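Here is a short exchange on ring pairs and pockets. Please look over the entry below before reading on.

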Amino acid sequence: MNLNTVTEVKRPLSAEEIIDWPEGYAWLAGGTWLFSTPQVDTHTLVDLQSLRWPALQVTADGLEIAATCTLAELAHFEAPPNWKAAPLFKMCCDSLLASFKVWNAATVGGNICMSLPAGSMISLTASLEGTYTLWPREGAPRTIAAVDFVAGNNENALRPGELLRSIHLPARALSKRFAFRRASLTQLGRSAIIVIGTQAPGADDLVLTVTAATVKPFQLRFDRVPDDRTLREAIFSTIPEADYFEDVHGSAVYKRHLTYYFAEQIRAELLNGAKE
Ligand SMILES: Cc1cc2nc3c(=O)[nH]c(=O)nc-3n(C[C@H](O)[C@H](O)[C@H](O)COP(=O)(O)OP(=O)(O)OC[C@H]3O[C@@H](n4cnc5c(N)ncnc54)[C@H](O)[C@@H]3O)c2cc1C
């Protein structure tokens, strides 16, 4: 849609060009959300694509994903063969209510900064133990664990004008085996729940990440795959009842039920994996 309150679009070549951050400014990434609804409080868009950050960079430590990397670029990325968790990239892109047209424009950073429960780039980066680099308008860059970035539905750790620059996924996490469960009320609908379990190669630990069903990500860590009762108790004591997310894509009770159901499936799957 046309945003008829917007009077200026800035296209900086470097983020340092944007010093002030008055009311009415907004970073523009893929624009798939920004242009989907009136932005009555916004008069200036600052286009991130003009910064031309490389989308994906493999390093000795893992993968650097620019905030401006599109979902299409991430979904088609060819990972090193020992990154056993890399199929999660496409699975999480497929978890959005979005066609290929949205994939070609929507960015990883835009999805994270929207901070919707169904933001599957949050599911991906939290489950793979990612770290976000944030660029404040003033002061030094700071980092935050992906699992701690989202504070609630459409709420996050960004300060006014602060920019999500990149996401680091450690090679250690990318090398893990994984189990993935997702449900949606409609076949191509918004995710009601995504649960991802990961396990280090040759180990029998378990990292379980619950998203979409809850207003923010929850992560449970076990040194060894627990028994079913221990897992249930851990979920009960970690996720407050009030943090299950109720919306048109499912009631809180339904999402809580699926959380326990999928977590148990993942536990059983990775328990068997650990015996291999
Ligand atoms: C058909 C359709 C289906 C959708 N389905 C889903 C879904 O299932 N789940 C879901 O979570 N969302 C969904 N969305 C919403 C949205 O399109 C996605 O979240 C998308 O990934 C947003 O990315 P974008 O690059 O287009 O962000 P934009 O629309 O450009 O920006 C989104 C917000 O993030 C801010 N922002 C963007 N990048 C940065 C950055 N690097 N640093 C700081 N702030 C930044 C912007 O200022 C804006 O407030 C859907 C949208 C459409 C049109």
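The model is predicted, with local features needing pLDDT of at least 70, side-chain atom pairs pLDDT 80 or more, and totals for chains, interfaces and linings using all residues. Residues are numbered from 1 along each chain as its sequence is written, and side-chain values use heavy atoms, with hydrogens and water left out.

Student: What kind of aromatic pair do Y132 and F149 form?

Tutor: Rings of Phe, Tyr and Trp (its six-membered ring) pair if their centres lie within 6.5 Å; planes under 30 degrees apart are stacked, over 60 edge-to-face, the rest tilted. The centres of Y132 and F149 are 5.1 Å apart and the planes stand at 75°, so the pair is edge-to-face.

Student: Are Y132 and F149 buried or exposed?

Tutor: Buried means under 20% relative accessible area, exposed over 50%, and partly exposed in between (1.4 Å probe, protein chains only). On that scale, both Y132 and F149 are buried.

Student: Over the ring of which residue does the charged end of R165 sit?

Tutor: The criterion is NZ of Lys or CZ of Arg within 6 Å of the ring centre and within 35 degrees of the ring normal. For R165, the distance to the centre is 4.0 Å, and the ring is that of W53.

Student: How do the residues lining the largest pocket divide?

Tutor: A pocket is an open set of points on a 1 Å grid over the protein atoms alone, where a 1.4 Å probe fits, with protein on both sides within 12 Å along at least five of seven lines; lining residues have an atom within 4 Å of a point. Here 46 residues line the largest pocket. Ala, Val, Leu, Ile, Met, Phe, Trp, Tyr, Cys and Pro count as nonpolar, Asp, Glu, Lys and Arg as charged, and the others, Gly among them, as polar. The division is 24 nonpolar, 16 polar and six charged.
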